2 protein chains.
Amino acid sequence: MSQKADPSTSTPDEQPAWKQRAVERSTKAAKLRAEQRVERFLDAAQAIITEKGNTDFTVQEVVDRSRQSLRSFYQHFDGKHELLLALFEDAMRRSADQIRAAADGQDDPLERLRVAVQLLFELCRPDPAAQRPLFTEFAPQLLMSHPTEVKIAHRPLLALFTELMEQAGEAGRLREGMSPRRAAALTMSSIMFIAQSSGAEDHETAHPITSDEVWDFCSKGFAGA
Amino acid sequence: MSQKADPSTSTPDEQPAWKQRAVERSTKAAKLRAEQRVERFLDAAQAIITEKGNTDFTVQEVVDRSRQSLRSFYQHFDGKHELLLALFEDAMRRSADQIRAAADGQDDPLERLRVAVQLLFELCRPDPAAQRPLFTEFAPQLLMSHPTEVKIAHRPLLALFTELMEQAGEAGRLREGMSPRRAAALTMSSIMFIAQSSGAEDHETAHPITSDEVWDFCSKGFAGA
DNA sequence: CAGCAGTGAGAATAACATTCTCGTAGAGTG
DNA sequence: CACTCTACGAGAATGTTATTCTCACTGCTG
């Protein structure tokens, strides 16, 4: 459709460097503006979520709050879906940083893991009070509709846990034949779902599962000798 | 609002036996018809889900398929939500039965548990081919919007796993101080979420987690000596 | 037969996400 | 400065669903 003359190279995608730079200069400003607008949408959405405590906001609300327009919103996002995804990724990244920081306070590899496991558990828990990562609320839904994107969002956390598992492995604290990567993935999944399930406890035989129990379970399983 | 004369008893809810029976007789037919209609809605919805492989049907589709009317649908269900919940509970119950049957084929308590764990894992796994319990697709979403109802739906399965854990415990195969009930809850949560996460693998470092790995993880954890 | 509860058919409503139209302000360019 | 071109704001228009409402009918029961 838009192929212009380009007889010199076999890779029409890659323009000569000078042209790239020229275009870039011409684009930089626009790009910057775009980023600012995206940022405003993101901030507005984050604020609304924190206020309302859930992710049931309308696009209109975000638009109004950010003092921009629907027109603009859909120019920058493929849809509400992408906005949520962006926020989710961000929250995941922040959580990973927070957990890493907490784990770094420990010397023993297993202790580091324990801290990480327990903190992740607390962060994923549906806490009515602390609206911090209420994204855990819509994460499960996302997990089904866009598993690939969720995997990407989980990456920072997975990387962190894999590191911690590797350290434990080098210290000979991992079970034989246990791949650090697998162990990390399995542990993360377990923690996150258990946290979700432990949401509304209070029924019949009191279920308030504690982070200690979770750690115990993940590290040692349920089987005896 | 509707209080009629009832000078004889302090419990206006309990009518004399003859009246109860009269009402019952008068009601029985209606009740039967209602049940049939509900059943038709349920069957129609189940059929559509199995066909389409997901739960994105419209109420209208169910109504058309069951040859009834919207009017009737909302007379029998509080909304689409209740329909899904009913189907979900049903699927859970059936799965529990299936797993129990499979586990009964084993003698050793731990083997029973292994079979149960692995089968549950397979059942919860998002299999594009087998549409059987595709309810796992919307279960996570439900988990957030109506945790209480989900808990109720999980009950049969939880009961089964608790039984199996107790048997293992009596055989001295459970870890010290491990409550069968807790072990069951933790194990179930882990399996179900891991199954979900293992959905779209195929990226980078091949993640096709197997049921063996899940069993290994749940039973022994990741920690070494 | 009259009344009533349940029903079918389908229009009306409500909420949203998403798209589209029109008019404008600002940046880059000559 | 005048011109063009792009992104933007404001908000109307569309499309999809769930949910409710209206009207007419039907089968039962007294």
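Modeller: A residue counts as buried if 20 or more other C-beta atoms, placed from the backbone, lie within 10 Å of its own, as exposed if 12 or fewer do, and as partly exposed in between. The model is predicted, so local features need pLDDT of at least 70 and side-chain atom pairs count only at pLDDT 80 or more, whereas totals for chains, interfaces and linings use all residues. Residues are numbered from 1 along each chain as its sequence is written, while chains are lettered from A and ligands numbered from 1 in the order in which they are written.

Helices (H or I, at least four residues) and strands (E, at least two) are DSSP runs numbered from the N terminus. Arg67(B) is found in this loop. With 8 C-beta neighbours inside 10 Å, Arg67(B) is classed as exposed. The phi angle of Arg67(B) is near 55 degrees, a positive value in a residue other than glycine. As background, most residues other than glycine have a negative phi.

In chain A, Arg67(A) is likewise found in the loop between H2 and H3. Its phi is also near 55 degrees, again a positive value in a residue other than glycine. Arg67(A) has 8 other C-beta atoms within 10 Å and is therefore exposed.

A residue is near a strand if its C-beta atom lies within 6 Å of it. DNA strand C is surrounded by 21 residues, of which the closest are Thr58(A), Gly79(A), Ser69(B), Arg71(B) and Ser72(B). By class, the surface near DNA strand C has seven nonpolar, nine polar and five charged residues; here Ala, Val, Leu, Ile, Met, Phe, Trp, Tyr, Cys and Pro are nonpolar, Asp, Glu, Lys and Arg charged, and the others, Gly among them, polar.

Around DNA strand D there are 20 residues, and Ser69(A), Arg71(A), Ser72(A), Thr58(B) and Gly79(B) come nearest. Two or more residues of that surface come from each of H1 and H3 of chain A, and from each of helix H2 (59-65), H3 and helix H4 (80-103) of chain B. The surface near DNA strand D comprises seven nonpolar, eight polar and five charged residues.

The relation between the chains comes next. Superposed by least squares on C-alpha atoms of residues with pLDDT of at least 70 in both copies, chain A can be laid on chain B with an RMSD of 0.3 Å by a turn of 180 degrees and a shift of 0.1 Å along the axis. The two copies are thus related as by a two-fold rotation axis.

The chains' contact takes 42 residues from chain A and 42 residues from chain B, two residues being in contact if their C-beta atoms lie within 7 Å. On the side of chain A that touches chain B, helix H6 (139-145), helix H7 (147-170), H8 and helix H9 (211-220) each supply at least two residues. H8(A) gives the largest share of that side, 13 residues. By class, the side has 18 nonpolar, 15 polar and nine charged residues. Since 100% of the interface residues of chain A are also interface residues in chain B, the copies meet through the same surface.

In contrast to the exposed Arg67(B), helix H9 (residues 211-220) of chain B has seven of its 10 residues buried, so it is largely enclosed by the rest of the structure. Those buried residues are Ser211(B), Val214(B), Trp215(B), Asp216(B), Phe217(B), Cys218(B) and Ser219(B). Their cover includes helix H8 (180-197) of chain A, along with helix H5 (109-124) and helix H8 (180-197) of chain B. Just after H9(B), Gly221(B) takes a positive phi of about 70 degrees.

Chain A as a whole has nine helices and zero strands. Buried residues make up 34% of its 225 residues. Among the contacts in chain A with a separation of 6 or more, 62% join residues 24 or more positions apart.
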